[in-house]
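Please consult the sequence and the coordinates alongside the text.

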Amino acid sequence: MNLKRVSFGLLLLGTLSACGYIKPIKPWVKPYERQNIADPIMSFSRDPISDSYLSHVRDAREGASGADGGAGGGCGCN
Amino acid sequence: MVQMAVQEAVVVVTNKSKKIKLVYGWLRALVIGAAIMASGSIVSVRATVLPDERVDLLGHVYDGGGIQVSGPSVLVRKNFGGVVSVSGHYYVDMVSSASIDVQYSKSAQDLISGASKYSEERLEKNISVEYIHDRSTFNLGYTTSEENDYNAKTYNFGVSQAFFGDLTTLSFGLGFGQDQVGKNQNGKPDPAFRVLEKDRRKYTLGLSQIITKNLIADLSIDAGSDHCTNPLENDSCLNNPQRQVRYVSNSAKGFDWQAEKYPLTHNTDAIGLRAIYHLPYRASIRADIRRFTDNWGVEAKNAELRYTQEVYKDVLVEVKYRVYSQTAADFYSDLFPYRNAQDFLARDKELSQFSSQSIGLGVTYKMPWAIPGFDKSTANFYWDHMKIDYDNFHDFNNFMKEGGFEEGDENLYSLDADVLRFYLSFWF
């Protein structure tokens, strides 16, 4: 039932798009508008050496790890 | 493209003055865009550019729970031919003492006399290569970690692809690790202990999206699996062989010790979402959340808020606050009711139920003077303070020293730790 609904929805979207009723989404942030995004203070890892150390400390002290941008080098720190 | 725009603009300008402002605006945008792209500062926005060439020299100190860990770390990154980037990373941990849950697994006599103190060193080396082709980035990495009772090798591979006008970057990574787990006795390998081997696998999926001209968001999904590759009956490679569990007994102390026993596999899943927003006056605010689960019954979540502000022309200040909490593993207990109370036994406080709070302060100072051979240099100092409150791990230390407690009824353990990082960074 759900599969039929999804298929119908996709077919409807495709038809509307082909007939020109739906315009394709275009990148809305232009290159000349990315001055702030390019600022180093907008980096998730401005200084990798420092971030990887803090990530290592947390991995050693907490049961959780991963999904934080770190690669994980393996240590017997448990 | 720019020439066509200019020609069209000239025609329109001669027709209607009302359209002059509009065309002028487009022209100005085009010229500014072209100039910025030519300078290379914007094209380098998220993906499909090589990382900066730099050298970092870091000194780190961890001090908490009776343990001091310190050491140096060096990172060097150099690019070649505009498409290849090579980095090398060298890292040392010098550990002054064992963790409380390992230390107090020794005999009470050792504890009181302090005879169980030890020190060890961990050396980590990494080399990574990154290659860019069009809007794709490929990276390969190899890491080794050496301790006198634990060796690890990790291989990483990753690929990322930018699309949608470079607003979206999709990445995939996998890591494969092989570890050798040993056991020390008086600082030397224990001849009676058979070295255990384990494999680690990690798969990562990432999506990075520029949402507005001031907002970026990242979604990460990790799945990991560790398992023992050469186990015999009663072997357990996913724990620290030094650590033991305690159980209630008829001895004079009221309890006794036996070896930990873990499952042979550990499967983990984590999902993280983080976003960073650019504020006026050159400041940014960042938020991170993460949820973690594993097949041992641990469920964890954490959230962090970070604020970065330029206070003077060359000084950046960072403030952050983080909270973390987790449930205990199904087979964890601080005090088991009797020997071999269950199939799996753990007394690792990192598998107990606890919550923590951290605050952090940091300063980055861009050196105003030019150092020969380098374009930019910074000096950085960061301090983090962690407070961890354990809900079912007791302060065995006070119990042993002061007495007066029933076993298993000691005060709950809590830990305060300071984490210091001082580093110099040089871009060339």
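A nonpolar core is here a set of buried Ala, Val, Leu, Ile, Met, Phe, Trp, Tyr and Cys residues joined through C-beta atoms within 7 Å. A residue is buried if 20 or more other C-beta atoms lie within 10 Å of its own, exposed if 12 or fewer, and partly exposed in between, with C-beta atoms placed from the backbone. The model is predicted: local features need pLDDT of at least 70, side-chain atom pairs count only at pLDDT 80 or more, and totals for chains, interfaces and linings use all residues. Residues are numbered from 1 along each chain as its sequence is written, while chains are lettered from A and ligands numbered from 1 in the order in which they are written.

The largest nonpolar core has 26 residues, of which B:A329, B:Y332, B:A346 and B:L351 touch the most other members. Two or more residues of this core come from each of β6 and β12 of chain B; strands are DSSP runs (E, at least two residues), numbered from the N terminus. Leaving aside residues up to four places away in sequence, B:L351 touches A:G63, B:V298, B:A328, B:A329, B:Y332 and B:A346, contact being a C-beta distance within 7 Å. A second, separate core of 16 residues includes B:Y62, B:M386, B:Y390 and B:V419.

Most residues other than glycine have a negative phi. B:F164, however, has a positive phi near 55 degrees; it lies in the loop between β6 (150-163) and β7 (168-181) of chain B. B:F164 is partly exposed because 14 other C-beta atoms lie within 10 Å. For B:N234, phi is also positive, near 75 degrees, and the residue is placed in the loop between β11 (215-228) and β12 (244-248) of chain B. B:N234 counts as exposed because it has 7 C-beta neighbours inside 10 Å.

Conventions: Helix = DSSP H or I, 4+ residues; strand = E, 2+ residues; numbered from the N terminus. Contact = placed C-beta atoms within 7 Å.
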